[in-house]
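Here are some notes to read alongside the model, written for someone who is new to looking at structures of this kind. Please keep the display open and find each residue as its name comes up.

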Amino acid sequence: MHAPLLLQGEKTILTKEANPHVKAAAAFFNEAIPPSTYDDFDVYMMIAYGEVGYDYHDYNDLKALQFIPGQSSYADVVLKGMNKYTGIKALLKQLNISGYIAFGDSMNDLEMLAHAKIAVVLGNGCFEAKQIADIVTECVCEHGIYHALVQMKQIKPHESFERRTIYE
């Protein structure tokens, strides 16, 4: 297995030194690159880093896991049969709620978006997500969630959000 993995729990680490794919994903998300020292902590999230379009077939022998490619040089690593919707479905049942509004932009959001009462996809979202969206809004760095909430009349417009992006 060649792609570095990001392990996240009470700490966040890489399983190998950062390669160009890790650096590209970190730049895509405007995030720092974590260290590569593991010291026995519980892991609740994993991300694999390979080039855009990387075929994660090296990991097929890990029968309990699936790799969902992202929009940059990474893939989310999740338990087979699990996704954001499985968590939402359990929460809806617990709270006795019948529907939800979902916001997403990536392949790991597809199930969640497909089952939402209203599926909102950010402007920077992948093609597959936009195909199932009820609303496509501005990109995340242009306050896309805010604009969708205003459009759906869930909140009132606020002047300060209309003139700047997140990265200004």
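1. In this model, which is a predicted one, ring pairs link Phe28, Phe29 and Tyr74 into a cluster. The structure holds 2 aromatic pairs, and in one of them the rings of phenylalanine 28 and phenylalanine 29 have centres 4.9 Å apart and planes at 90°, so this pair is edge-to-face. For the angle, the cut-off to keep in mind is that planes over 60 degrees apart count as edge-to-face.

2. Are these two phenylalanines buried, exposed or partly exposed? Phenylalanine 28 has a relative accessibility of 39% and therefore counts as partly exposed, and phenylalanine 29, at 36%, also counts as partly exposed.

3. Please turn next to the strands, where an open sheet of 3 strands has the order 6-7-8 with parallel pairing. Strand 6 (101-104) and strand 8 (135-136) stand at the edges with a single partner strand each, so one side of each has no neighbour in the sheet.

4. Within that sheet, strand 6 is joined by 4 bridges to strand 7 (residues 118-121), and the two run parallel.

5. Of the residues named here, leucine 95 has its place in helix 2, which covers residues 84-95.

Technical notes: Residues numbered from 1 in each chain as written. Predicted model: local features only at pLDDT ≥ 70, side-chain atom pairs only at ≥ 80, totals over all residues. Heavy atoms only, no water. Pairing = 2+ DSSP bridges. Phe/Tyr/Trp six-rings, centres within 6.5 Å; stacked < 30°, edge-to-face > 60°. Buried < 20%, exposed > 50% of the residue type's maximum accessible area, 1.4 Å probe, protein only.
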